[in-house]
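Opened the notebook to go through this chain and jot down what I look up as I go.

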Amino acid sequence: MGRIRAKYIKDKEVRFISHLDIVRALERAFRRADIPFVLTEGFNPKPKINFSPPLSLGYISKAEYFDLDVGDDMIPEEFIYRMNNVLPQGIMVIKAISIDEKSKSLNSIIKSSEYNVYYPFPEGVLSGIERFLSDEIMVEKESKKGKKTINIRPLIYSFSKVDEKNICLWLASNSSESVNPVYVVKAFLHFSGFDFEESNAIITRLEQYIDEKKNTPMREGVINEPINN
């Protein structure tokens with residue numbers, strides 16, 4: 001038995017498709033592409049697969065990941081070719097590698113994510129980024145136990161201007177602590193004296209990282225593969 005780690009795109013055509021529906025689309029594609037996947041045990045066997053932290057509904061992504069247990073004869077290049085022949089428009093596998101079966105799960109190794117946020121920011125407001133980051137940033141977050149107020153400043157690793165309508169955010173996104181880019185943009189605009197209209201934002205996940213050096217999950221547990229992030 002082997003394991004494939006795949007990186008795929010979730011484009012604008014499927015940005016409002018839920019994570020669960022993306023999982024179903026991939027499972028259908030495995031069957032249509034005749035991928036020799038391994039099944040889970042139990043009464044309702046499914047492909048043995050695990051995913052990186054799920055993407056929020058409405059977001060685009062250039063860097064989603066999954067690990068799939070497959071037969072030993074599955075070559076990564078063949079996996080990409082077969083999958084992209086059957087996947088629906090808006091989902092595309094852009095890289096695949098063989099990894100060790102004992103590799104840690106994606107959820108346990110991914111520590112942060114980088115995002116581009118397009119938004120019609122009021123003129124001149126982005127000049128206040130440094131001032132915004134200079135103090136605690138208290139926001140109210142929903143949790144399973146109800147609402148709570150937390151300081152998200154330690155979870156913002158970088159916040160930079162790309163141009164007048166785009167910013168880049170590097171944020172914590174691991175199993176123990178994470179922050180959604182919407183909270184950051186909303187807090188920034190409120191700090192600057194403006195309301196935030198989420199429907200006007202286009203948020204794209206650019207990459208997911210396993211450490212502070214911005215190594216991607218493609219570096220973890222690789223078997224006889226060149227390391228190219």
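This is a predicted model: local features need pLDDT of at least 70, side-chain atom pairs count only at pLDDT 80 or more; totals for chains, interfaces and linings use all residues.

My entries below go from the overall fold to salt bridges and then to surface charge.

**Overall.** I looked up the secondary structure and got five helices and 10 strands for the protein chain. The radius of gyration is 19 Å, close to the 17 Å from the globule rule for 229 residues, so I can call the chain as compact as a globular protein of that length. Along the principal axes, the C-alpha atoms fill a box of roughly 60 × 40 × 30 Å. I also checked burial: 46% of the 229 residues are buried.

**Two distances.** I picked I4, which sits in strand β1 (residues 2-10). I4 counts as buried because its relative accessibility is 1%, and the cut-off is under 20%. Next came N215, in the segment after β10 (202-209). N215 is buried too, at 11% relative accessibility. N215 and D100 are 115 residues apart along the chain, and their C-alpha atoms are separated by 18 Å.

**Salt bridges.** How many salt bridges are there? The count comes to 10. I went through some of them.

- D69 pairs with R3, with the closest N and O atoms 2.6 Å apart. This one links distant parts of the chain, as D69 is in strand β3 (residues 60-70) and R3 in strand β1, 66 residues apart. D69 is buried at 2% relative accessibility, and R3 is buried at 13%. I also noted that R3, K48 and D69 are linked in a salt-bridge network.
- R205 bridges to E64, closest N and O atoms 2.9 Å apart. R205 is in strand β10 and E64 in strand β3, so the pair ties together parts 141 residues apart in sequence. Both R205 and E64 are buried.
- E114 meets K214 at 3.1 Å, N to O. E114 lies in strand β5 (residues 112-118) and K214 in the segment after β10, 100 residues apart, so I list this as another link between distant parts of the chain. Buried or partly exposed, for K214? K214 is partly exposed, at 29% relative accessibility, whereas E114 is buried at 11%.

**Surface charge.** Last, I looked for charged patches. D72, D73, D100 and E101 gather in a patch of negative charge on the surface. I placed E101 in the loop between β4 (91-98) and α3 (106-109). E101 is partly exposed, with a relative accessible area of 36%.

Conventions. Residues are numbered from 1 along each chain as its sequence is written. Side-chain values use heavy atoms; hydrogens and water are left out. Patches are made of residues with over 30% relative accessible area and no salt bridge: like charges are joined within 9 Å, nonpolar side chains (Val, Leu, Ile, Met, Phe, Trp, Tyr) within 5 Å. Accessible areas come from the Shrake-Rupley method with a 1.4 Å probe; for residues, only the protein chains shown count as cover. A salt bridge is a side-chain nitrogen of Lys or Arg within 4 Å of a carboxyl oxygen of Asp or Glu. Lys and Arg count as positive and Asp and Glu as negative; His and the chain ends are not counted. The place of a charge is taken as NZ of Lys, CZ of Arg, CG of Asp or CD of Glu. Helices (H or I, at least four residues) and strands (E, at least two) are DSSP runs, numbered from the N terminus. Buried means under 20% relative accessible area, exposed over 50%, partly exposed in between (1.4 Å probe, protein chains only). The radius of gyration is taken over C-alpha atoms; the globule rule is 2.2 Å times the number of residues to the power 0.38.
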